[in-house]
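Subject: Structure and notes

Hello,

Here is the structure for you to look through, with my notes below it. Please keep it open while you read.

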Amino acid sequence: MEKKHFERPIIKKLQTGMPNKFGMKTEYEPISEIDGVSVKDLVANYGSPLYVMSENTIRETYREAHRAFSTRYPKVQFAWSYKTNYMNAICNIFHTEGSWAEVVSGFEYDKAINNGVPPSKILFNGPDKSEKDLEKAIKHGSYIHIDHFDELYTIINLTNKMKERPKVAIRVNMDCGIYPLWSRFGFNYENGEAWEAINRIMLTKKIDFVGLHCHIGTYILAPWAYGIAAAKLADLAVAIEKKFNHYIKYIDMGGGFASKNTLKGAFLPGSDTCPTFDQYADAITTALINSPINHEHLPVLLLESGRSLIDDAGYLVGTVLANKRLPEGKLATIIDIGVNLLFTSFWYDHKVTPAQQFSHHTEDTIIYGPLCMNIDIIRENVQLPPMKKGDNIVISRIGAYNMTQWMQFITLRPNIVLVDSKSKAHVIRGNETPDNIMKNELVPEHLKKFEL
Ligand SMILES: *Cc1c(COP(=O)(O)O)cnc(C)c1O
């Protein structure tokens, strides 16, 4: 019989742990496999730490969101928010589901083109579009969402030397009852700036004004805020109908739906507080269909959801490096996943789960990453069973923003693997090597040699 591992006995303060709303503790089943692939095998084959994406979860979540909207409104089109996760394989899953591309830089624009997205199905957002970017987007007939007057004037200037007519929408910011307001992007609704931008565009006669866009914020827990935003955009659409006898093609409600992650400091877990796609869809479509917009010219409803479509599909698999008892008595577990790989740990209490069977004894634990830097904390306080050096852990709901906001810092970035619907794993981005990082570095001649 195999000898059992020895677990050192400790004396600890009695505590009930954080109950959830049903009065039970959470996070008590190990995650030993992801979509039918064993976590231990993944680590053995692709290393640790390791990002793992579930193709099934992406498709299921997308279809759920699409169903919620398309059953309530006749013309619905999603556009994948590239910055949320622009691994080409991930983007292409969304494209195979019918999603267009939503990009916020020339780099992302080129990425979408390289992925094979027709330029006429790219929405180009963001405050930083260079003249070259704009020229390219106009030439190829992409939708440009204008952020500020300087961008509008650049576009008007380009129309003087180009034969193509730019297809533009404006981004509108507004008070929809959630604070702080995101007033830095686009033109304000309440102070008349958005209306002024529309008038300036309509009067040039060289530009096709095709839509209205907003993106009211991110991780918005209040579906009704979208109802207010949609009603305000509908007002603008009606004003355009009246004054110019012009019908816009689309209203784009942006992204911002919450994911099921738990925000730091939240009382209830995000899985309990996150609104459903149906709730968001209800708020938006009710505002649009009840508005005075001419029903013969109902605009297409565009959605640019990022976080809510991809967070659940991502996992970070890691390994316990060491345990420490801090001078104040608290257990610290050091893992090989740092904040450089899990940027979202700055605002989420990510769910951390052992990948192997564990005892039902748990303890308040602080989880540190491997970086030699004080802020490298993955969880400040989490009830976990004691784990040993070499044990694996799985961090859930990390699909949004981590693979794009990650940092190359101190160490190299790991593999990203996609598990497909047949439980086959594919590397979709290889781990970095020192060569990858150093090939752009140059050392001036006088610094090449030294003696110590
Ligand atoms: C980031 C962004 C999105 C996606 O936002 P989520 O909060 O991830 O849904 C959509 N549209 C625009 C313009 C964005 O900048």
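Lys260 and Asp312 form a salt bridge, with their closest N and O atoms 3.4 Å apart; the term means a side-chain nitrogen of Lys or Arg within 4 Å of a carboxyl oxygen of Asp or Glu. Lys260 sits in the loop between β11 (250-252) and α9 (270-273) and Asp312 in the loop between α11 (307-310) and β13 (314-325), so the pair ties together parts that are 52 residues apart in sequence. Helices (H or I, at least four residues) and strands (E, at least two) are DSSP runs, numbered from the N terminus. Lys260 is partly exposed, with a relative accessible area of 35%, and Asp312 is partly exposed at 22%. Here buried means under 20% relative accessible area, exposed means over 50%, and partly exposed lies in between (1.4 Å probe, protein chains only).

This is a predicted model, in which local features need pLDDT of at least 70 and side-chain atom pairs count only at pLDDT 80 or more, while totals for chains, interfaces and linings use all residues. Residues are numbered from 1 along each chain as its sequence is written, and side-chain values use heavy atoms, with hydrogens and water left out.

Other salt bridges

Side chains of opposite charge can pair when their charged atoms come close. By the rule above, the count comes to 21 salt bridges. One of them joins Arg67 and Asp278, whose closest N and O atoms are 3.1 Å apart. Arg67 lies in helix α2 (residues 55-70) and Asp278 in helix α10 (residues 277-289), so this pair ties together parts 211 residues apart in sequence. Both belong to a network of salt bridges that links Glu64, Arg67, Arg72, Asp278 and Asp282. Arg67 is partly exposed, at 35% relative accessible area.

Are Glu151 and Lys129 buried or exposed? Both are buried, and their side chains meet in a salt bridge (2.7 Å, N to O). Glu151 is in helix α6 (residues 149-159) and Lys129 in the loop between β6 (122-124) and α5 (131-140), 22 residues apart.

The two domains

The domain assignment, which comes from an automatic or database source, gives domain 1 (33-53 + 313-431) and domain 2 (55-311). Their C-alpha centres lie 33 Å apart. In contact terms (heavy atoms within 4.5 Å), 27 residues of domain 1 meet 26 residues of domain 2. The area buried between the domains is about 2300 Å², and carbon and sulfur atoms give 53% of that. Tyr348, Arg397 and Tyr401 supply 30% of the area that domain 1 buries against domain 2, more than any other three residues. Buried area is the accessible area (1.4 Å probe) that two parts lose on being put together, summed over both. The rule finds one salt bridge across this interface. Lys264 and Asp349 also meet through their side chains in a salt bridge (3.8 Å, N to O).

Backbone details

Ser48 to Pro49 is cis, with omega near 0°, and Pro49 is in the loop between α1 (39-46) and β3 (50-54). Tyr179 and Pro180 are also joined by a cis peptide bond, with omega about 0°; Pro180 is in the loop between β8 (167-173) and β9 (187-188).

Asn245 is not a glycine, yet has a positive phi of about 55°. Asn245 is in the loop between α8 (223-244) and β11 and counts as exposed at 60% relative accessibility.

Regards
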